[in-house]
Amino acid sequence: MELLDEMRRLIMRHTADGRQKTIAGGVTIASVACATPPVATISEPSVAIVAQGVKRTVLNGVPYDYRAGQYVVVSVDLPVIGQALEASPDEPFVVFSMALSPAVVAPMLLEAAVTGPPPAFTGLAVSDATPELLDPVVRLLRVADRPDDLRVLAPGYQREILWWLLSGDQGALVRQIGLVDGNLALISRGIRWIREHYREHLVVADLAGLCGMSPSSFHRHFRAATSMTPVQFQKQIRLQAARTLLMTRSGNVAEVGYFVGYESPSQFSREYRKAFGASPGRDAAQLAATAQNW
């Protein structure tokens with residue numbers, strides 16, 4: 001509890017204005033003084049450790065709640081809906097996040113000969129943070145406002161954080177991020193293709209071939225990692241892109257639907273309402289009103 005309390009105090013000291021702050025390469029901290037509305041985003045491979053409050057991440061309709069003293073590992077790019085569920089001026093939501101890229105994970109696997117049982121193939125998991133994991137996080141935060149110390153010491157602290165992740169409950173999941181020839185790496189290749197070509201017609205067999213997998217194996221592992229089929233995943237990417245367009249530029253609903261890849265305006269409106277709980281036009285108006293009140 002002492003480590004968690006110090007972690008919370010240090011993050012709040014560095015984020016007094018309530019904004020997210022980058023303190024080192026791939027490391028961000030944030031504090032939020034009130035509960036936030038659900039926001040659709042793409043969550044990339046990373047670890048997030050909560051020091052205070054509760055965060056909810058919804059993946060394909062399934063909520064994952066994690067609170068003070070817990071962390072979440074994301075192993076592939078995932079379209080999710082996130083929100084700070086419990087936060088107030090007296091007790092803000094406080095979080096530490098660190099990117100987990102294959103380029104960082106793979107060398108440690110080779111250097112330390114990290115092995116272990118294969119993971120339950122999934123893209124997101126929540127666990128309790130151990131004192132060993134929190135300790136280098138706190139030491140990193142202690143030097144966050146000392147540029148010379150931070151430049152020299154931060155890489156070592158980040159390696160130590162990664163080591164305790166690899167040694168912890170979700171170590172098998174983190175290892176998969178660094179395995180270039182592993183199934184997760186192949187699925188990540190397919191995910192990147194969908195993100196870059198979400199407006200195009202998707203042929204699962206062609207995408208499986210691009211990833212060097214049979215269609216049945218690709219479909220099975222893709223669903224295990226993302227909880228969605230490739231077509232459902234593409235749909236989520238399209239709908240998130242449409243929501244962003246409706247918020248940031250003018251244009252009628254049908255035009256936005258066509259732009260993100262829908263041929264039928266009625267299908268676009270139907271699937272948008274199912275995903276976000278309101279029609280595209282009404283949702284855009286509600287989002288604009290919310291933004292003005294923030």
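**Notebook: sheets and helix packing in a predicted model**

I began with the open sheet of four strands, which are ordered 3-8-5-6 and paired in the antiparallel sense. Strand 3 (39-43) and strand 6 stand at its edges with a single partner strand each, so one side of each has no neighbour in the sheet. From one strand to the next, the twist averages 35°.

I noted the terms. Helices (H or I, at least four residues) and strands (E, at least two) are DSSP runs numbered from the N terminus. Two strands pair if DSSP finds at least two bridges between them. Axes are lines fitted to C-alpha atoms, for helices over the stretch in contact, and angles run from 0 to 180 degrees between N-to-C directions.

I also noted the basis of the entries. The model is predicted: local features need pLDDT of at least 70, side-chain atom pairs count only at pLDDT 80 or more, and totals for chains, interfaces and linings use all residues. Residues are numbered from 1 along each chain as its sequence is written, and side-chain values use heavy atoms, with hydrogens and water left out.

Lys55 stands opposite Tyr66, and Val54 stands opposite Arg67. Their hairpin has two residues between the strands, and Asn60 takes a positive phi near 50° there. On strand 8 (residues 78-86), strand 5 has an antiparallel partner over five bridges; Arg56 has Gln83 as its bridge partner.

I then turned to the open sheet of six strands, in the order 1-2-9-4-7-10 with antiparallel pairing. Strand 1 (21-24) and strand 10 (124-128) are at the edges, each with a single partner strand, so one side of each is left without a neighbour in the sheet. The twist here averages 20° from one strand to the next. Strand 2 (residues 27-32) and strand 9 (residues 93-99) run antiparallel and are joined by six bridges. Ile29 stands opposite Phe96 of strand 9. Helix 1 (residues 2-14) packs on this sheet and touches strand 1, strand 2, strand 4 (46-52) and strand 9; its direction makes about 100° with that of strand 4. Contact means heavy atoms within 4.5 Å.

**Helices**

Which strands does helix 9 lie across? I found strand 3 and strand 8, with helix 9 running at about 60° to strand 8.

Helix 9 (residues 230-248) and helix 10 (residues 253-260) pack at an angle of about 140°, their axes 9 Å apart. That makes helix 9 oblique to helix 10. Angles under 35 degrees count as roughly parallel, over 145 as roughly antiparallel, 65 to 115 as roughly perpendicular and the rest as oblique. In helix 9, Arg238, Ala241, Ala242, Leu245 and Leu246 meet Val256, Phe259 and Val260 of helix 10.

Helix 6 (residues 183-196) and helix 8 (residues 215-226) pack at about 85°, with their axes 10 Å apart. Helix 6 is therefore roughly perpendicular to helix 8. The residues in contact are Asn183, Leu184, Ile187, Ile191 and Ile194 of helix 6 and Phe218, His221, Phe222, Ala225 and Thr226 of helix 8.

**Whole protein**
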